Amino acid sequence: MSSLDVKKAVALANKAMSKAYVPYSEFKVGAVIETLNGKVYSGCNVENAAYPEGTCAEAGAISAMVLDGEQKIDNIYVLGNGEQLVTPCGGCRQKIREFSTPDTQIHICGPEGVRKTLSMEELLPFSFGPENLKK
Ligand code: THU
């Protein structure tokens with residue numbers, strides 16, 4: 001079930017990015033998750049004076065998703081400014097992986113729209129996930 005078209009997702013990610021609290025890096029990021037059930041969650045990066053303790057936009061969106069009882073990411077949009085691709089950091093790749101399916105798509109966006117779409121396998125090859133813990 002899909003409730004979100006790409007244009008709407010990018011608009012929501014831009015809105016989320018505008019809320020980022022980034023006094024240290026001054027690098028705003030927004031993230032939007034659409035779950036398999038068609039629910040939508042946003043997140044932005046939130047920094048603090050102890051620099052490494054800041055949280056990424058993806059982590060915020062994942063937290064909102066789990067709090068609402070959803071756990072399967074169908075699409076995730078990650079959006080930032082600048083010319084470079086704003087690809088999820090290593091830690092966020094693992095966080096997304098936890099709630100991914102074989103069909104999860106990761107859309108790397110600029111303010112104008114999607115720049116690149118990756119599968120979870122492309123973003124984090126040979127990943128370690130919940131199945132790897134099975135004995
Ligand atoms: N950041 C994210 O929120 N998501 C990403 O995918 C890449 C990096 C944040 C962390 C930090 O607040 C700022 O961007 C600069 O690294």
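Which residue forms a salt bridge with E131, and how far apart are the closest N and O atoms? The partner is R97, and the closest N and O atoms are 2.8 Å apart. The points below take up this pair and other features of the model.

1. Basis. This is a predicted model, in which local features need pLDDT of at least 70 and side-chain atom pairs count only at pLDDT 80 or more, while totals for chains, interfaces and linings use all residues. Residues are numbered from 1 along each chain as its sequence is written, and side-chain values use heavy atoms, with hydrogens and water left out.

2. Salt bridges overall. Three salt bridges turn up in a search of the whole structure. The term stands for a side-chain nitrogen of Lys or Arg within 4 Å of a carboxyl oxygen of Asp or Glu.

3. E131 and R97. In the salt bridge between E131 and R97, the N to O distance is 2.8 Å. The pair links distant parts of the chain, with R97 in helix α3 (residues 90–98) and E131 in the segment after α4 (120–123), 34 residues apart. Helices (H or I, at least four residues) and strands (E, at least two) are DSSP runs, numbered from the N terminus. R97 counts as buried, at 11% relative accessibility, whereas E131 is partly exposed, with a relative accessible area of 45%. Here buried means under 20% relative accessible area, exposed over 50%, and partly exposed in between (1.4 Å probe, protein chains only).

4. D68 and K39. A salt bridge joins D68 to K39, and their closest N and O atoms are 3.0 Å apart. This pair also links distant parts of the chain: K39 is in the loop between β1 (29–35) and β2 (40–44), D68 is in the loop between α2 (57–67) and β3 (73–80), and the two are 29 residues apart. Both ends are partly exposed, D68 with a relative accessible area of 41% and K39 at 37% relative accessibility.

5. K72 is placed in the loop between α2 and β3 and counts as partly exposed at 42% relative accessibility.

6. E112. The loop between β4 (105–110) and β5 (113–119) holds E112, which is exposed at 57% relative accessible area. Its side chain meets that of R115 in a salt bridge of 2.8 Å, N to O. R115 is partly exposed, at 32% relative accessibility. E112 and V78 are 34 residues apart in sequence, and their C-alpha atoms are 12 Å apart in space.

7. The residues around the ligand are S25, F27, V29, N45, E47, C56, A57, E58, T87, P88 and C89, where a residue is taken as near a molecule if one of its heavy atoms lies within 4 Å of it. The ligand sits in the largest pocket. A pocket, on a 1 Å grid over the protein atoms alone, is an open set of points where a 1.4 Å probe fits, with protein on both sides within 12 Å along at least five of seven lines. A molecule sits in a pocket if more than half of its atoms lie within 2 Å of its grid points.

8. Polar atoms at the ligand. A polar side-chain atom of N45 is 2.9 Å from an oxygen atom of the ligand. For E47, an N or O atom in the side chain lies 2.6 Å from a ligand oxygen atom. E58 has a polar side-chain atom 2.6 Å from an oxygen atom of the ligand. Of the 380 Å² of accessible area that the ligand has on its own, the protein covers 76%. Accessible areas come from the Shrake-Rupley method with a 1.4 Å probe, and for residues only the protein chains shown count as cover.

9. N75 and H107. N75 is in strand β3 and is buried, with a relative accessible area of 10%. A polar contact of 2.8 Å joins its side chain to that of H107. Such a contact is a pair of N or O atoms within 3.5 Å; within protein, one must be able to donate a hydrogen and the other to accept it, and residues adjacent in sequence count only if both atoms are side-chain atoms.

10. Positive phi. E26 is not a glycine, yet has a positive phi of about 55°. E26 lies in the loop between α1 (6–18) and β1 and is exposed, at 67% relative accessible area. F126, also a residue other than glycine, has a positive phi near 50°. F126 lies in the segment after α4 and counts as exposed at 80% relative accessibility.

Terms used. On a 1 Å grid over the protein atoms alone, a cavity is a set of points where a 1.4 Å probe fits but cannot get out, and a pocket is an open set with protein on both sides within 12 Å along at least five of seven lines; lining residues have an atom within 4 Å of a point.
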